[in-house]
Amino acid sequence: MARQTMGAVSGLQKTAILLIVLGPERSAGIFKYLKEEEIEEITLEIANTRSVTPQVKEEIINEFYEVCLAQQYIAEGGITYAKELLEKALGAEKAMDVIGKLTASLQVKPFEFVRKTDASQLINFIADEHPQTIALILSYLSAGQAAMIIAALPPDRQADVARRIAVMDRTSPDVIKEVERVLESKLASLVNQDYTIIGGVDAVVEILNTVDRGTEKHIMETLEIEEPELADEIRKKMFVFEDVLLLDDRAIQRVLRDVDNNDLAISLKGANEQVQNAIFNNLSKRLAVMIKEDMEFMGPVRMKDVEEAQQKIVNIIRKLEDAGEIVISRGGGDEIIV
C-alpha cells in the first residue's frame, strides 16, 4: 500500500494504520472494546499492510486527533459548543467536516445534558413527570444516577417505573426529541433517525443491583405479584455465581455451610480462578482437597449442569441475604452493619 493518498485509504485501512502507529500495547487496550468480527477484520488488514508513507501516517493521526477533540467538546457542552470550539481551532470548513464525520459514523446518546446534572437535582427535575417519561430518561442515565432517582420516588411509583424500563424496547426518535425538548436538552438534533434501542431487562437489573436493598426488595415484591414472569427473569440476572466475590470471607463461609459438596464441585468446574480461590480459601484444607479431587475425577461436565449447580448456590446466597444472615457488598447505599 505504498505511495497512498488519504483519498485512496478506506476507513478500515485508516484504523489498521492508526493501530500500527500506536503500537501493540495501546492497540491491545483498544481491542478490548471491539467486537470479535471487528478485531478479525482489523487484524487481517494490519497483516496486509506493507508500507505507509509518512504523510499518510501524519494525516491519519491528525484526523484521529480532530475526531477525539470533537467528541470531547460534544461531551462537555453539546454539538453547538463543539462546533464553536472546533471553528476556532480548525477553521469553519474543517470544523464542519469533522462534525460531519462524527454525526455520520457515531450515535451520540441523547440526554447528555441530563446526565451531567447532579442526581439530587434530577429528582426534583423529573419527579412529577409521567412514569413512562421517567423510565425513558432513567434508561439513558448511569446506573448510579438512575438508582438514586428511583429510590427517591414514592413507593407506589418505583415498581411501575422499573417495570416500564424492563419492558421498554424501541422508542421513536420523535418521542425522544420531544422529551429532550421539554428537558431543555442540547443534543436533540443528534438523535439517530433510526429507532433507538434502550431499556430492557439488563438495564433494570443494573439499576436494581445498584439501588439500596430496601428499594430493590419493594420493587421485586411488587413485580412478583403484577409481572411474575418478568420478576423471575430479572431475579435470575441480578446475582450471578461470579458475584460471590462481592461477599466477605465470613459470608462465604456461611453460604458454604448450606451448599451440597457435589453441587460445589460441579459449580467450580465452570468458575474462573479468582472465584475458585475465594471458595477454596474459605474451606478447611481437608475439604478443599476433597472438592478438588472430586472436580478432577468427575471429568468433563455439561455446561447445563454447571449452570444449574451455580444457580442453586446463588439461590442459597439470596435466601441468606433476605434472612439478614449475610450482606452483599453493593455500591448503592446499603447500611454498614457493625
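Helices here are DSSP runs of at least four residues, numbered from the N terminus.

**Figure 1. Overview of the predicted protein chain.** The model is predicted. The chain holds 19 helices and two strands. Of its 338 residues, 42% are buried. The accessible surface is about 19300 Å². Carbon and sulfur atoms account for 51% of that surface. Consider contacts between residues at least 6 apart in sequence: 74% of them join residues at least 24 apart.

**Figure 2. Val-175 in helix α11.** Val-175 sits in α11, which spans residues 173-182. Its relative accessibility is 41%. Val-175 therefore counts as partly exposed, since that class lies between the 20% and 50% cut-offs. Leu-136 is 39 residues away from Val-175 in sequence. In space, the two C-alpha atoms are 9.7 Å apart. Leu-136 is one of the buried residues of helix α8, the subject of the next view.

**Figure 3. Helix α8, largely enclosed.** Helix α8 covers residues 131-140. Nine of its ten residues are buried, so the rest of the structure largely encloses this helix.

**Figure 4. Helix α8 against helix α10.** Two packed helices are described by the angle between their axes and the distance between the axes. Helix α10 spans residues 155-167. The axes of α8 and α10 come within 8 Å and cross at roughly 60°. The two helices are therefore oblique to each other. Their crossing is right-handed. On the α8 side, the contact uses Pro-131, Gln-132, Ile-134, Ala-135, Leu-138 and Ser-139. On the α10 side, Arg-157, Asp-160, Val-161, Arg-164 and Ile-165 take part. By type, the contact residues of α8 and α10 are six nonpolar, two polar and three charged.

**Figure 5. Helix α16 against helix α18.** Helix α16 runs over residues 261-269, and helix α18 over residues 285-297. Their axes come within 9 Å and cross at roughly 60°. That angle makes α16 oblique to α18. The crossing of α16 past α18 is right-handed. From α16, the contact draws on Asn-261, Leu-264, Ala-265, Leu-268 and Lys-269. From α18 come Leu-287, Met-290, Ile-291, Asp-294 and Met-295. Seven residues in this contact between α16 and α18 are nonpolar, one is polar and two are charged.

Note on methods
Residues are numbered from 1 along each chain as its sequence is written. This is a predicted model: local features need pLDDT of at least 70, side-chain atom pairs count only at pLDDT 80 or more; totals for chains, interfaces and linings use all residues. Side-chain values use heavy atoms; hydrogens and water are left out. Buried means under 20% relative accessible area, exposed over 50%, partly exposed in between (1.4 Å probe, protein chains only). Contact means heavy atoms within 4.5 Å. Accessible areas come from the Shrake-Rupley method with a 1.4 Å probe; for residues, only the protein chains shown count as cover. Axes are lines fitted to C-alpha atoms, for helices over the stretch in contact, and angles run from 0 to 180 degrees between N-to-C directions. Angles under 35 degrees count as roughly parallel, over 145 as roughly antiparallel, 65 to 115 as roughly perpendicular and the rest as oblique. A crossing is left-handed if the near helix is turned anticlockwise from the far one by less than a right angle, and right-handed if clockwise. Ala, Val, Leu, Ile, Met, Phe, Trp, Tyr, Cys and Pro count as nonpolar, Asp, Glu, Lys and Arg as charged, and the others, Gly among them, as polar.
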